[in-house]
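Please read it with the sequence and the model at hand.

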Amino acid sequence: MAVAVSHRISPVFLGIAAATAATGWAVWSRAGGGVGLAVAVFLFVTGAWVVSLCLHEYAHARTALHCGDRSVAAKGYLTLNPLKYTHAVLSVLLPVLFLVMGGIGLPGGAVFVERHRIRGRWRHSLVSAAGPLTNALFALVCTAPFWLGALDGVPPGFRFALAFVALLQVTAAVLNALPVPGLDGYGAVEPWLSERARRRIEPFAPYGLLAVFVLLLAPEVNGVFFGLVDGVLGALGVTGAESYCGRDLYRFWRETDPACAFLSGVTG
């Protein structure tokens, strides 16, 4: 009975998903207009980002379950409830804070997997890779109308918001795939390192994400990183102007670019 309950989707997640869908409809229908539309974009993008964070952590847990760690079910990781994560602040609150502050998809903290229960290096790598791969899949879903050429009838405001959600997923996938201690990319590589190398690198794991963030503050590194992100989005049919307007509308507390505001219906 306990196992069945631990697999049941949490009402918390269902509530977040429902709120995301409702605000998405508000953006699509331009409900409220003006500032009301911009606020709807903010709520829709934030909700979609939290949903993706939950799916990211769920992917780690579900993969770990199939690779031998059955403890993830008892811990509630399979319920998609963000409150069940080992590091709820790192997994949800911190990424949302960075989204609001800088408009970037910062990867969060992973669920706690009992690695000793998992046998085989490929399985360990797969557990770590499952999170970034989920972000990549989320990006593909968000950009489907773009690369399928199915944008006819899609309101500009919704298109911009969707482009920004896709940008967040691509940034999260790229950042988390870096082979930096503390990130999933390193988790996928670690099983293939020698025991001596792992012991030497282990003390730096808590500072990996911080180091990446500091490097992104450098204009040269930032330019290269977002050049890569824009390249990926361009290959998926999303233009830089669309993701830019999505980010611009998201920050409703700031003055909106007149062109983005006019096209989306925030003004005019």
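The numbered points below cover confidence, helices and individual residues.

1. Basis of the note. This is a predicted model, in which local features need pLDDT of at least 70, side-chain atom pairs count only at pLDDT 80 or more, and totals for chains, interfaces and linings use all residues. Residues are numbered from 1 along each chain as its sequence is written, and side-chain values use heavy atoms, with hydrogens and water left out.

2. Confidence. The protein chain has an average pLDDT (the predictor's confidence in each residue, from 0 to 100) of 88, and 91% of the residues score at least 70. Over residues 1–5 pLDDT stays under 50. For that stretch the model has one contact (heavy atoms within 4.5 Å) beyond four places in sequence.

3. Helix 3 and helix 6. Helices are DSSP runs of H or I with at least four residues, numbered from the N terminus. The axes of helix 3 (residues 34–66) and helix 6 (residues 121–147) come within 8 Å and cross at roughly 150°; axes here are lines fitted to C-alpha atoms over the stretch in contact, and angles run from 0 to 180 degrees between N-to-C directions. This crossing is right-handed, the near helix being turned clockwise from the far one by less than a right angle. Among the residues that meet are A48, V51 and H56 in helix 3 and L126, P132 and F138 in helix 6. The residues of this contact comprise 10 nonpolar, eight polar and no charged; Ala, Val, Leu, Ile, Met, Phe, Trp, Tyr, Cys and Pro count as nonpolar, Asp, Glu, Lys and Arg as charged, and the others, Gly among them, as polar.

4. Helix 7 has 21 residues and spans 30 Å from its first C-alpha to its last, close to the 30 Å expected (1.5 Å times one less than its number of residues). Of its 21 residues, 20 are buried, that is, under 20% relative accessible area with a 1.4 Å probe, protein chains only. T171 lies in this helix and is buried, with a relative accessible area of 0%. Beyond its neighbours within four places in sequence, T171 is in contact with I104, G105, F225, F226 and V229.

5. L80. In the loop between helix 4 (71–74) and helix 5 (88–102) lies L80. L80 is not a glycine, yet has a positive phi of about 70°. L80 counts as buried because its relative accessibility is 7%.

6. A188. Helix 8 (residues 184–189) contains A188. Leaving aside neighbours within four places in sequence, A188 is in contact with S125 and S128.

Notes
Helices (H or I, at least four residues) and strands (E, at least two) are DSSP runs, numbered from the N terminus. Buried means under 20% relative accessible area, exposed over 50%, partly exposed in between (1.4 Å probe, protein chains only).
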